[in-house]
Amino acid sequence: MGIWSRLVGAASSDVPADLVVVADRESVSMGDDARSHRREMRVPAGSLVGDVVEHSSPDVRAQGWSWVAIVDGTVVAVWSVDHGVALLVPDRPLAASGPAGVVQVRFRYLGQLDPAWLHARLAQGAPLDREALSAEHAPLAQAAPERERREREAATTARLLGPTCVRAMEHLGAVVDLHSDVICRFEINGVAWQVECRDSMTVVFGRGRRSPLASLRPVGLAERWVLAALALDRRAADGLDPLPDAPVRAGAEPVQLMVAGRTRAVEGSSGAVVAQLRDARDVGPLDLVLGRDLDEVVALFGLAGPSA
């Protein structure tokens, strides 16, 4: 049975046989502003508010996105792909506020607020204030992915970085906080670092920067580069020459190299080995590890002994 079959009573002779619903929604991005979202439709008189909200719901349908439905200025429901219509008022036959039989339905975009949480807060009387609700929801939004990461860490014995790499990092003073098959998060000298798998690339964050320091392929290259970068930072902090006295073997491992968004041609590169670096200072660690296996890198920086 379609939603338009669920009517409350028959329309009396002095009530229009149909109502005109003018539905509109807020844009979700700048590009979304390029066209109008206004739609007009006719619905049978007596149609329920919940049915009208569902029938006129936004054409942007992504899980986890929340919309608030406002009918003739009254907040009536939270709508989402996840839960459909969650009414904030008792369901009732739709009624036009004026003699023309026109009903305005507007959908406000509340972003990626959990729809069930948003419905509960509005039902409790929270004002429809997007900034205030987003600020209140932020800790919950941050907790959810962290919980998922912890669950993944506990569910698998696989790890993104191998034990040799982790032991060498710990020798440098790294304290590993989270380590699964897709992410390794650690702190060294009070600075947070994170290594994570993104498709075929291993992306490295650190030194207090929000954007990646490096994106490397394969993961073995990432292990070697991270160790070298950490070791060189440590040497510089200790007042030593950052680069140890060791020959460069870059020719033994051709790599597609990009530094600060600019490609550096490397003769003979097959494309299988890729290094994208934010800063020119990090080319030095890369040059040192190319052509060396992980054990050689560990030995080069003296990271095989007891932890610091």
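Trainee: Which backbone atom lies 3.2 Å from a polar atom of the side chain of H137?

Mentor: This is a predicted model, in which local features need pLDDT of at least 70 and side-chain atom pairs count only at pLDDT 80 or more, while totals for chains, interfaces and linings use all residues. Residues are numbered from 1 along each chain as its sequence is written, and side-chain values use heavy atoms, without hydrogens and water. The atom is the backbone nitrogen of D114.

Trainee: Where is H137 placed, and is H137 buried or exposed?

Mentor: Helices are DSSP runs of H or I with at least four residues, numbered from the N terminus. H137 belongs to helix α3 (residues 130-155). Buried means under 20% relative accessible area, exposed over 50% and partly exposed in between, with a 1.4 Å probe and protein chains only. H137 has 6% and is therefore buried.

Trainee: Which residues touch the most other members of the largest nonpolar core?

Mentor: In soluble globular proteins, nonpolar side chains tend to be buried together. A nonpolar core is a set of buried Ala, Val, Leu, Ile, Met, Phe, Trp, Tyr and Cys residues joined through side-chain atoms within 4.5 Å. Here the largest has 44 residues, and M169, F186, W225, L227 and L286 touch the most other members. Its largest share, 10 residues, comes from α5. Another core, of 21 residues, lies apart from it and includes V21 and Y109.

Trainee: What follows just after α5?

Mentor: G239 does, with a positive phi of about 80°.

Note on methods: Helix = DSSP H or I, 4+ residues; strand = E, 2+ residues; numbered from the N terminus. Polar contact = N/O pair within 3.5 Å; in protein donor to acceptor, adjacent residues only side chain to side chain.
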